[in-house]
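Subject: Structure handover and notes

Dear colleague,

I am passing on to you the structure we spoke about, together with some notes on what was found in it. Please look through it before you read further.

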Amino acid sequence: MQTDYGKLTWEEVRDADKDRVVILNVSATEDHGPHMPLDTDTVLGMAVANGVGELAPEEVLVMPPIAYGFNEHHKDFPGVIWIQPETLIAFVTDVTKSLAHHGFRRILLLNSHGSNHPVLDLAARKTVIENEIICVSASYWNLCGDRINELRNSEVGGIAHAGEFEAAMYMHLHPELVDLSKATNQNLHDPNTKFFNLDLAKGGGKAMLMRWWSEASPDGTMGDPTVADAETGRKFLEAAVEETTALVREIRALPILERKDHH
């Protein structure tokens with residue numbers, strides 16, 4: 001069954017099961033250290049989304065990605081393309097409004113860039129309010145954090161940005177585009193912190209401070225890519241696909257509730 005939304009004809013969209021979950025990956029184009037490409041977030045996010053399509057083809061449709069995100073704090077590193085949060089919310093909600101117009105009732109905004117998370121949370125909420133459908137936002141690493149921690153080679157702080165997690169998965173997908181000879185350990189974790197744990201697989205910080213990236217990182221890396229390997233990357237990706245599929249199935253099972261205005 002076709003899961004690539006862009007490969008459908010208009011008649012196939014008309015006749016599609018409108019309870020299939022439409023996955024929209026929103027990512028970023030930005031620095032990932034000297035050892036990885038600018039398209040890391042998009043490549044990994046789409047690998048997860050398309051993996052769900054392969055695992056549950058009758059349950060999802062996968063949209064073309066939005067490859068630009070909220071990341072102006074990275075712009076001291078050449079190559080970054082940044083979108084203002086208000087613009088990104090408006091763009092995403094125009095996409096979801098279009099899908100709702102065509103009858104789709106269940107959408108997953110699948111985030112693959114950390115700073116998009118609050119933006120997509122708001123976009124999902126606006127979608128629900130304006131279209132009265134189900135729209136969920138989730139960052140894929142949050143769905144599989146426990147499994148990542150069972151597999152990882154790095155210490156706490158090693159999985160943040162262009163660290164072990166992303167480097168390993170990209171090595172699994174495109175080993176020729178990752179050069180670990182240029183990678184360095186940029187683990188900035190403070191073991192004494194109570195609120196600012198930067199490790200994504202450990203749940204991230206309980207409080208948020210996002211500095212200019214060039215203040216926090218000398219090379220665009222935060223974490224430890226030096227211990228990454230392709231086989232662990234394959235297992236990371238498998239975990240992300242399986243847990244995202246589990247989320248999709250929960251979304252499909254959610255009831256469409258009737259709104260009641262009590263004025």
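The notes below go through the sheet, the helices, the cores and the cysteines.

This is a predicted model, in which local features need pLDDT of at least 70 and side-chain atom pairs count only at pLDDT 80 or more, while totals for chains, interfaces and linings use all residues. Residues are numbered from 1 along each chain as its sequence is written, and side-chain values use heavy atoms, with hydrogens and water left out.

Helices (DSSP runs of H or I, at least four residues) and strands (runs of E, at least two) are numbered from the N terminus. Four strands make up an open sheet with parallel pairing, in the order β2-β1-β3-β4, where two strands pair if DSSP finds at least two bridges between them. Because β2 (60-62) and β4 (134-139) each have a single partner strand, they stand at the edges, and one side of each is left without a neighbour in the sheet. Strand β3 (residues 106-111) is joined to β4 in the parallel sense over six bridges, and L109 stands opposite S137 in β4.

Helix α4 (residues 117-131) lies across β1 (21-26), β3 and β4, and runs at about 175° to β4; axes here are lines fitted to C-alpha atoms, for helices over the stretch in contact, and angles run from 0 to 180 degrees between N-to-C directions. Elsewhere, α2 and α7 pack with their axes 10 Å apart, at an angle of about 70°, and are therefore roughly perpendicular to each other (the range for this is 65 to 115 degrees). Their contact (heavy atoms within 4.5 Å) is made by T40, D41, V43, L44 and A47 of α2 with E166, M169, Y170 and L173 of α7.

A nonpolar core is a set of buried Ala, Val, Leu, Ile, Met, Phe, Trp, Tyr and Cys residues joined through side-chain atoms within 4.5 Å, and buried means under 20% relative accessible area, with a 1.4 Å probe and protein chains only. The largest such core has 39 residues, and those with the most contacts inside it are I23, L108, Y140, I148 and F165. Its largest share, eight residues, comes from α9. Apart from this core lies another, of 25 residues, including V13 and I107.

Finally, the structure holds zero disulfides, a disulfide being a pair of cysteine sulfur atoms within 2.5 Å. C135 counts as buried at 10% relative accessibility, as does C144 at 2%.

With best wishes

Definitions and conventions. Buried means under 20% relative accessible area, exposed over 50%, partly exposed in between (1.4 Å probe, protein chains only). Angles under 35 degrees count as roughly parallel, over 145 as roughly antiparallel, 65 to 115 as roughly perpendicular and the rest as oblique.
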